[in-house]
Amino acid sequence: MPIINRIADFQPEMAEWRHDLHAHPETAFEERRTSDKVAELLQSFGIPIERGVAKTGIIGSLEGSRPGGRAIALRADMDALPITERNQFAHASQHQGRMHACGHDGHTAMLLGAARYLAETRNFAGTIHFIFQPAEENEGGARLMVEEGVFERYPVDAVYGMHNWPGLPAGQFAIRPGPMMAAFDIFEITITGRGAHAAMPHLGIDPIVAAAQVINGLQTITSRNTHPLEGAVVSVTQIHGGDTWNVIPEALVLRGTTRSFDPAVRDMIEPAIRRIAEGACASLGATMAMRYERRYPPTVNSPAETETAAAAAAELVGDGNVRRDLLPSMGAEDFACFLEKKPGAYIWIGNGAAVDQAMLHNPHYDFNDEASEAPGVPPMLQCIAQEVAGDHGQEDHQAGIDRQQRRRGDQLLGIAQHAAPAGEWRLHAEPEKAQYRFEQDHIADAQRRRDDQRPEHVGQNMQP
Ligand code: NI
């Protein structure tokens with residue numbers, strides 16, 4: 001049975017799981033009920049599991065029915081956010097101050113659907129590890145899994161993850177090799193002056209005025225210190241200081257976040273913040289102390305696995321619905337910690353138009369069940385598994401690999417032709433070695449080859 005039809009059979013159940021998770025959101029490392037539910041379902045599919053990985057995480061492992069093949073990991077995140085939901089629908093959060101506002105309920109349900117389908121068929125070679133990770137938001141559940149040795153105990157050749165993307169039409173995917181999401185760091189600056197009566201400012205050292213100078217100065221890190229074509233963000237997001245109308249406080253605290261892609265830019269930002277803050281404070285007689293924490297590395301897709309994921313998506317929705325033209329996001333994703341250790345790819349799945357501007361982390365956001373019902377969306381992970389593990393139904397393993405290699409070659413050829421349209425490119429492919437080489441004909445050669453293909457020439461060579 002074609003995969004999409006079979007998945008469609010249990011689509012209503014996947015939506016039920018999703019709605020149940022949505023109604024009972026749990027934040028970082030508190031995902032106990034969620035974890036129980038995931039464990040119960042995986043076991044009901046006959047998939048052996050390990051629990052308690054990074055506290056509440058779960059890993060399920062499934063071997064294909066055919067020998068050999070590669071091992072891959074497919075990952076979903078399970079945690080919710082400390083947000084009070086403003087939606088009124090039946091599956092809205094039952095817990096004040098907690099909400100699935102990033103669609104991790106949908107990711108978990110989709111990976112459960114994938115696990116169920118693959119456990120039913122087992123028609124692949126190799127091993128698939130299903131990683132249900134806790135604490136994607138802020139607390140780095142993926143990093144903890146890596147530190148606990150997840151890839152030593154479950155060795156994999158590649159790891160794949162996905163995230164819904166509001167604004168990208170349902171039924172479309174977006175992916176690119178290289179950076180998809182930014183590195184995420186945080187900083188805290190404590191500025192200390194001398195408290196005074198607000199009517200006698202000359203007797204104090206005003207940390208509020210110092211903070212204003214610091215905040216303005218920090219704007220120059222991206223505008224004056226970062227290469228104009230590189231991405232970087234330095235945002236002050238909190239100011240805590242002062243208690244009343246007529247007192248200049250003794251001290252205050254600034255907090256914020258930085259984003260970047262390039263490691264050199266990331267290395268530049270921390271000392272630049274310190275230099276600017278120290279200088280601005282010193283010029284006013286105030287002092288500062290700073291804490292800077294590197295949280296998540298950039299999420300960087302490896303080229304081959306990007307093509308595998310893109311090919312899997314194209315298989316479902318057609319090449320035209322696999323977008324390659326979106327800019328990377330300055331948002332961050334702790335899937336990056338897995339990608340630091342293993343090759344892999346992270347792909348965005350269209351969540352449809354953002355209703356009422358309800359983007360990710362908005363109290364009106366919801367994972368789009370309609371989007372997840374769009375042809376091809378839920379089985380994305382299965383298809384990645386098929387691409388990697390060679391499960392193509394009737395097609396044998398080698399045929400699957402050949403088809404994937406051909407597609408990869410076609411894509412590379414398309415890119416080459418697009419990049420240098422003046423000549424003609426010829427592809428020399430050795431798919432068995434995964435090697436592709438391009439040669440550009442001289443325009444005269446290209447013309448001659450075109451002449452050779454005219455009907456009169458072709459006719460001469462035609463077999464009776
Ligand atoms: Ni998220």
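1. Basis. The model is predicted: local features need pLDDT of at least 70, side-chain atom pairs count only at pLDDT 80 or more, and totals for chains, interfaces and linings use all residues. Residue numbers start from 1 along each chain as its sequence is written.

2. The sheet. Eight strands form an open sheet in the order β1-β2-β4-β3-β5-β16-β6-β15, and the pairing is mixed. The edge strands are β1 and β15 (322-323), each of which pairs on one side only. Helices (H or I, at least four residues) and strands (E, at least two) are DSSP runs, numbered from the N terminus. Two strands pair if DSSP finds at least two bridges between them.

3. Strand β6 (residues 173-174) and β15 run parallel and are joined by 2 bridges. Here Phe-173 stands opposite Val-322 of β15.

4. Strand β1 (residues 49-53) pairs with strand β2 (residues 57-63) in the antiparallel sense, over 4 bridges. Val-53 has Gly-57 of β2 as its bridge partner. The two strands make a hairpin with 3 residues between them.

5. The hairpin turn. Ala-54 lies in the loop between β1 and β2. Its phi is positive, about 55 degrees, although Ala-54 is not a glycine. Is Ala-54 buried or exposed? Ala-54 is buried, with 23 other C-beta atoms within 10 Å. The cut-offs are these: a residue is buried if 20 or more other C-beta atoms lie within 10 Å of its own, exposed if 12 or fewer, and partly exposed in between, with C-beta atoms placed from the backbone.

6. Strand β2. Of the 7 residues of β2, 5 are buried, and the strand is mostly covered. β2 also pairs with strand β4 (residues 125-133), antiparallel, over 6 bridges. Leu-62 stands opposite Ile-128 in β4.

7. Helix α3. Helix α3 (residues 32-44) packs on the sheet and touches β1, β2 and β4. Its direction makes about 165 degrees with that of β1. Contact means C-beta atoms, placed from the backbone, within 7 Å. Axes are lines fitted to C-alpha atoms, for helices over the stretch in contact, and angles run from 0 to 180 degrees between N-to-C directions.

8. Helix α4. Helix α4 lies across β2, β3 (66-77), β4 and β5 (158-165), at about 160 degrees to β3. Of its 18 residues, 15 are buried, so α4 is largely enclosed by the rest of the structure. Its length agrees with expectation: at 1.5 Å a residue, the 18 residues (104-121) should span 26 Å, and the end C-alpha atoms are 26 Å apart. The expected span is 1.5 Å times one less than the number of residues. Just after α4, Arg-122 takes a positive phi of about 45 degrees.

9. His-361. This residue lies in the loop between β16 (344-350) and α11 (369-373). Phi of His-361 is positive, near 75 degrees, in a residue other than glycine. His-361 is partly exposed, with 13 other C-beta atoms within 10 Å.

Definitions and conventions
Two residues are in contact if their C-beta atoms, placed from the backbone, lie within 7 Å.
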